[in-house]
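Please keep the sequence and the structure in view while reading.

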Amino acid sequence: AVDHLPGIELGGRSSPIRATAFGDKIFGLLYSRTEVNTWAISLEKGHEGEILFSETWDAPADWEAGQVQIEFNAISLEEGAAVIWNKDALEYYCFSTDNGEYMWGPAEPEYYMNYYGWTEFGERPPFIYNGKLYSSGAGGVIYCYDLTDGSVLWTYTADDPYQEYLFANNWWQFFLYIVDGKLYSAHMEHSAIEPMPRGAPFICLDATTGELIWRADGLFRSTRWGGRAIMGDSVMVGMDTYDNRLYAVGKGPSQTTVSMANDVTTQGHSIVIKGTVTDVSPGTQ
């Protein structure tokens, strides 16, 4: 039922295709330096395989003239958006997953060092969340875009004040997850260098405003090759490439002691109660 969807040819081969399913449809996207094709197929009972739409957008002439590299970034059918990245110009373009139409682009170019990191390999994974697009890269500058028009809502720079990191002036950022309105990001190890750069930050930002909630320099150093950290049941689990251990961070066990200076007293008289609450999590040993 879908074998007649239009293909796109580039350099004698078909361009990359990305597709995802959610609810009652499959959305797909094909792209090249000359055009972007978006389409959707129904999964609704009784209408399976029916093409809901197939739209073609002509790419800017400078894509082909400049032989730029176009990369797929992210699709969210819940948010109604699919995003691609012009790597050479450091610009995003967005298409609607509801009707396949071009929404906006190019967005404001990012910091030049964010060029490094291949999006499709997950080295600069963008997130779509709550009407926003989050992006970063080797340059260590985090961008938050409005998903409706591509405007930049806020930025955060993961600065490296002591210039430990050799590839840039800031810490390369690697998004881990967004939970409860908070964006968690860490420095990513890609090509191991010894001695390791000290003080890599583990960062928690307000996903709406970009306000820094907390930053722990040297707490964890994430990894490209060891998998992305996860969160479940309010516990963060991830790998630290400083010591190659897995860590779980959450509310841990405590130990409480209570004592009275005198265990015999007269009714109506004052007493003093003393005690301690001690963290006895395994990480304290």
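Met260 is placed in strand S23, which covers residues 254-260, and in this predicted model Met260 counts as partly exposed because its relative accessible area is 38%. Together with Val258, Ile271 and Ile273, Met260 makes a nonpolar surface patch of about 390 Å².

Ile230 lies in strand S20, residues 230-232, and is classed as exposed because its relative accessible area of 53% is over the 50% cut-off. From Ile230 to Ile178 there are 52 residues in sequence, while their C-alpha atoms are 9.9 Å apart in space. Ser151, by contrast, belongs to the loop between strand S13 (141-146) and strand S14 (152-157), and with a relative accessible area of 30% Ser151 is partly exposed. The C-alpha atoms of Ser151 and Pro201 are 27 Å apart, and the two residues are separated by 50 residues in sequence.

**Salt bridges**

| Glu71 | Lys87 | 3.9 Å |

The salt bridge between Glu71 and Lys87 links distant parts of the chain, with Glu71 in strand S7 (residues 70-76) and Lys87, 16 residues away, in the loop between strand S8 (81-86) and strand S9 (91-96). Both Glu71 and Lys87 are buried.

**Pocket and cavities**

The largest pocket holds about 340 Å³ of space, and of its 16 lining residues the closest to the centre are Ala248, Val249, Ser281, Pro282 and Gly283. Strand S22, residues 245-249, supplies the largest share of this lining, namely 4 residues. By class, the lining of the largest pocket divides into 7 nonpolar, 6 polar and 3 charged residues.

A search of the whole structure also finds 2 cavities of 30 Å³ or more. In the largest cavity there is about 120 Å³ of space, and of the 13 residues that line the largest cavity, Leu176, Phe202, Phe220, Ala229 and Gly238 are the closest to its centre. Strand S15 (173-179) and strand S21 (235-240) each contribute at least two residues to this lining, with the largest share, 4 residues, coming from S21. The lining of the largest cavity comprises 10 nonpolar, 2 polar and 1 charged residues.

Which residues line the second largest cavity? This space, of about 80 Å³, is lined by Tyr165, Phe167, Trp172, His187, Met188, Glu189, His190, Ser191, Ile193, Pro197 and Arg221. By class, the lining of the second largest cavity has 6 nonpolar, 3 polar and 2 charged residues.

How values were computed: Residues numbered from 1 in each chain as written. Predicted model: local features only at pLDDT ≥ 70, side-chain atom pairs only at ≥ 80, totals over all residues. Heavy atoms only, no water. 1 Å grid on protein atoms, 1.4 Å probe; cavity = no way out; pocket = protein on both sides within 12 Å on 5 of 7 lines; lining within 4 Å. Points joined across faces, edges and corners; volume = space filled by probe spheres on them. Nonpolar A, V, L, I, M, F, W, Y, C, P; charged D, E, K, R; others polar. Patch = residues over 30% accessible without salt bridge, like charges linked within 9 Å, V, L, I, M, F, W, Y side chains within 5 Å. Areas by Shrake-Rupley, 256 points an atom, 1.4 Å probe, with all protein chains shown as cover. Salt bridge = Lys/Arg side-chain N within 4 Å of Asp/Glu carboxyl O. Buried < 20%, exposed > 50% of the residue type's maximum accessible area, 1.4 Å probe, protein only.
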